[in-house]
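Subject: Structure handover and findings

Dear colleague,

Please find below the structure that I am handing over to you. My notes on what was found in it follow directly after it.

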Amino acid sequence: MEINFIRHCPNFRLEQFRQSFVLTLLETRKRDQHLLNPTVIDSFRGYLEEVNVKSKAIPGSVLITTAQGGLFCGGFDFRYARSHAGGSVDRAFKEMNDGFKDVVKDLLSLPMPTIAAINGDATEAGLMLALSHDHLTMRQVDGPYLRAELLSRKRSYPGYFAALIRSKVGCPLARRKLLLSDEQIDAEAAAKIGLLDWNHEVASEKDALEVAKTQADELAKKEWNGELYAEMRQLLYPELCKELELTSSHDC
């Protein structure tokens, strides 16, 4: 499969294969947790905007987001709070939360289907990042896990986190396990509650991405009207759109 390199920065690499784009969170050190701080969030938004622009010339575009190494995303970077924002964790948290809220809005507004290829654990804001995509693929062997970790981190989290889970997780019991028990969910459990709508029985770390590429090829055949696709996605999640203060040509 021919893959065209587009560009990369220390935290991300953007590639294109056929009509689709692959955005990879890169390891910057061993066992990188791909933590989200304002620098990473700003870069992420820049790449999403680039995908948005390039997709207008490529009918049937699909975005796949994945990560290098054994973890997908470990959530907000609270090490950043200790060295920035005057040492104020609350101020740093607000800065990261406000920026990440815009990432979620960008993904919900992107004029194409989106897939999160989850190669490793997705926790806290990392879980929210995964759920902000239209489709999820996960490998089944040796994890990974989805876990909210909102209680264990002993912080109050924004309303759009809960709205995102209510919008994407249809099973009330699963919602309670994620939010009120901090339970982790593997691929088998994710499939049972409807988070995985494609074959999840994949064996190795890279297979989550391979499954996502196969899925992207099938989706690309439909040659979506991008603006209509984004509009229908937003109409599907009115509560989430309201929490995000996201408006379109129709009221969310």
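Two strands are said to pair if DSSP finds at least two bridges between them. Helices (H or I, at least four residues) and strands (E, at least two) are themselves DSSP runs, numbered from the N terminus. With these terms in place, Ile64 stands opposite Ile115 in strand 6.

Two remarks on the source are needed before the rest. This is a predicted model, in which local features need pLDDT of at least 70 and side-chain atom pairs count only at pLDDT 80 or more, while totals for chains, interfaces and linings use all residues. Residues are numbered from 1 along each chain as its sequence is written, and side-chain values use heavy atoms, with hydrogens and water left out.

Overall picture

The secondary structure of the protein comprises 10 helices and 9 strands. Of its 252 residues, 54% are buried; here buried means under 20% relative accessible area, exposed means over 50%, and partly exposed lies in between (1.4 Å probe, protein chains only). The protein exposes about 11600 Å², of which carbon and sulfur atoms supply 48%. Such areas come from the Shrake-Rupley method with a 1.4 Å probe, and for residues only the protein chains shown count as cover. Among contacts (heavy atoms within 4.5 Å) with a separation of 6 or more, 72% are between residues 24 or more positions apart.

Strands of a sheet pair through backbone hydrogen bonds, either parallel or antiparallel. Strand 3 (residues 20-25) and strand 4 are paired in the parallel sense over 6 bridges, and Ser20 stands opposite Val62 in strand 4. Strand 4 also pairs with strand 6, again in the parallel sense, over 3 bridges. Strand 6 (residues 114-118) in turn pairs with strand 8 in the parallel sense over 4 bridges, where Ile115 stands opposite His135.

How many of the residues of strand 4 (residues 62-67) are buried? The count is 6 of its 6 residues. Val62, Ile64 and Thr66 lie on one side of strand 4, with Leu63, Thr65 and Ala67 on the other. Strand 8 (residues 135-138) is likewise covered on both faces: His135 and Thr137 on one side, and Leu136 and Met138 on the other, are all buried.

An open sheet of 3 strands has the order 5-7-9, with parallel pairing. Its edge strands are strand 5 (71-73) and strand 9 (146-147), each of which pairs on one side only. Strand 7 (residues 121-123) is joined to strand 9 by 2 bridges. Thr123, in strand 7, stands opposite Arg147 in strand 9. Thr123 is buried, with a relative accessible area of 12%. Leaving aside residues up to four places away in sequence, Thr123 touches Cys73, Gly74, Gly75, Arg147, Glu149 and Arg153.

Individual residues

Ala163 belongs to helix 5 (residues 159-168) and is buried, with a relative accessible area of 0%. Apart from residues up to four places away in sequence, Ala163 touches Glu239, Leu240 and Glu243. Ala163 and Leu244 are 81 residues apart in sequence, and their C-alpha atoms are 9.2 Å apart in space.

Two residues other than glycine have a positive phi: Asp182, at about 55°, and Glu223, near 45°. Asp182 is in the loop between helix 6 (172-180) and helix 7 (187-192), whereas Glu223 is in the loop between helix 8 (207-220) and helix 9. Are these residues buried or exposed? Asp182 is buried, with a relative accessible area of 8%, while Glu223 is exposed at 54%.

The second largest pocket

On a 1 Å grid over the protein atoms alone, a cavity is a set of points where a 1.4 Å probe fits but cannot get out, whereas a pocket is an open set with protein on both sides within 12 Å along at least five of seven lines; lining residues have an atom within 4 Å of a point. The second largest pocket has a volume of about 170 Å³. Helix 1 (38-55) and helix 9 (226-236) are the elements that give two or more residues to its lining. The lining includes Asn52, Ser55, Trp224, Gly226 and Glu227. Its residues divide into 5 nonpolar, 5 polar and 2 charged. Ala, Val, Leu, Ile, Met, Phe, Trp, Tyr, Cys and Pro count as nonpolar, Asp, Glu, Lys and Arg as charged, and the others, Gly among them, as polar. For the volume, grid points are joined across faces, edges and corners, and the space filled by probe spheres set on the points is taken.

Yours sincerely
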